[in-house]
Amino acid sequence: MSSNTLTSLTDQKSATTIDIEDVTHFLLELDALKRVNRRSYVTETDRRENSAEHSWHLAMACWSIAELFELDVNHEQLLKMALVHDLGEIDAGDTFLFANSRSEAHIEERVGIARLQAERGNGIEALSEVWEEQETGSSKETALLKVVDRLLPFLLNLNTEGKTWRELGVTRSQVAGAHAFIQDSFAPIHKWLSHNIDYATQQGWLIDA
């Protein structure tokens, strides 16, 4: 894009004064997601992934699966939901899937999203709306997002010899239960998961209980 093109774009906002300090302030607020560590380990490393990495992986995985299976979904909405999916964790932190407090995690996350929505320099008017859709919505895009969001940490565990599962004493029944809904949402993925839950249990990565 040429400098002339950039100038013509900014001219469209000539009636409004936008402080670039505000813009960069909000960008740094978003950057904080990189400091939130998850429980899953990055493959071929000894470090845990952070929530920003997970959000990127989620967006790319959703995009790829949607195109590969020729799913009738709104790609723009899907990718936006993937990108905002974990933003509430900037304030609330990551909650492990099998933690007792899991059912209440959305409360603090929603507060964090409201804070980000109100931050100076935020140019995303629908930030809270998009986050709420991925959290509580019933659209096809939300359904796919929830499937892929469960698939990715499972995939990382499977390729790190169940490192997180072994560290935290996760059981076969916990994993099977957390992924059961995928049977109705995306049967081919659920079939693959079920096969690999059996494999992980045979390897001793999951407690057979």
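This section describes the fold, the aromatic contacts and selected residues of a predicted model.

The chain contains twelve helices and two strands. Read from the N terminus, the order of elements is α-α-β-β-α-α-α-α-α-α-α-α-α-α. The C-alpha trace spans about 65 × 35 × 30 Å along its principal axes. Of the 209 residues, 38% count as buried. Among contacts between residues at least 6 apart in sequence, 66% join residues at least 24 apart. The accessible surface of the chain comes to about 12,100 Å². Carbon and sulfur atoms supply 52% of that surface.

Five aromatic pairs occur in the structure. One of them joins phenylalanine 154 and tryptophan 192, whose ring centres are 5.8 Å apart. Their planes meet at 70°, so the arrangement is edge-to-face; the cut-off for that class is over 60 degrees. Phenylalanine 154 belongs to helix H8 (residues 140-158), and tryptophan 192 belongs to helix H12. The pair therefore ties together parts that are 38 residues apart in sequence. The two partners differ in accessibility. Phenylalanine 154 is buried, because its relative accessible area is 2% and the limit for burial is under 20%. Tryptophan 192 has 34% relative accessibility and counts as partly exposed. Tyrosine 199 is partly exposed at 36% relative accessibility, whereas tryptophan 205 is buried at 12%. Phe154 and Trp192 also belong to an aromatic cluster, together with Trp165.

Helix H12 covers residues 187-202 and includes asparagine 196. Asparagine 196 has a relative accessibility of 9%, so it counts as buried. Beyond its neighbours within four places in sequence, asparagine 196 is in contact with Phe154 and Leu158. Phe154 is thus a partner of asparagine 196 as well as of the tryptophan 192 ring. Both Phe154 and Leu158 fall within the range of helix H8, residues 140-158.

The charged end of lysine 163 sits over the ring of tyrosine 41. Its distance from the ring centre is 4.8 Å.

On the surface, Trp56, Met60 and Trp63 form a nonpolar patch. Together these residues have about 350 Å² of accessible area. Methionine 60 lies in helix H3, which runs over residues 51-68. Its relative accessible area is 38%, so methionine 60 is partly exposed. Patch members need over 30% relative accessible area, and methionine 60 at 38% passes that limit.

Alanine 180 occupies the loop between helix H10 (172-178) and helix H11 (182-185). At 39% relative accessible area, alanine 180 is partly exposed. Alanine 180 and glutamate 21 are 159 residues apart in sequence. In space, their C-alpha atoms are 47 Å apart.

Technical notes
Residues numbered from 1 in each chain as written. Predicted model: local features only at pLDDT ≥ 70, side-chain atom pairs only at ≥ 80, totals over all residues. Heavy atoms only, no water. Helix = DSSP H or I, 4+ residues; strand = E, 2+ residues; numbered from the N terminus. Buried < 20%, exposed > 50% of the residue type's maximum accessible area, 1.4 Å probe, protein only. Contact = heavy atoms within 4.5 Å. Phe/Tyr/Trp six-rings, centres within 6.5 Å; stacked < 30°, edge-to-face > 60°. Lys NZ or Arg CZ within 6 Å of the ring centre and 35° of its normal. Patch = residues over 30% accessible without salt bridge, like charges linked within 9 Å, V, L, I, M, F, W, Y side chains within 5 Å. Areas by Shrake-Rupley, 256 points an atom, 1.4 Å probe, with all protein chains shown as cover. Salt bridge = Lys/Arg side-chain N within 4 Å of Asp/Glu carboxyl O.
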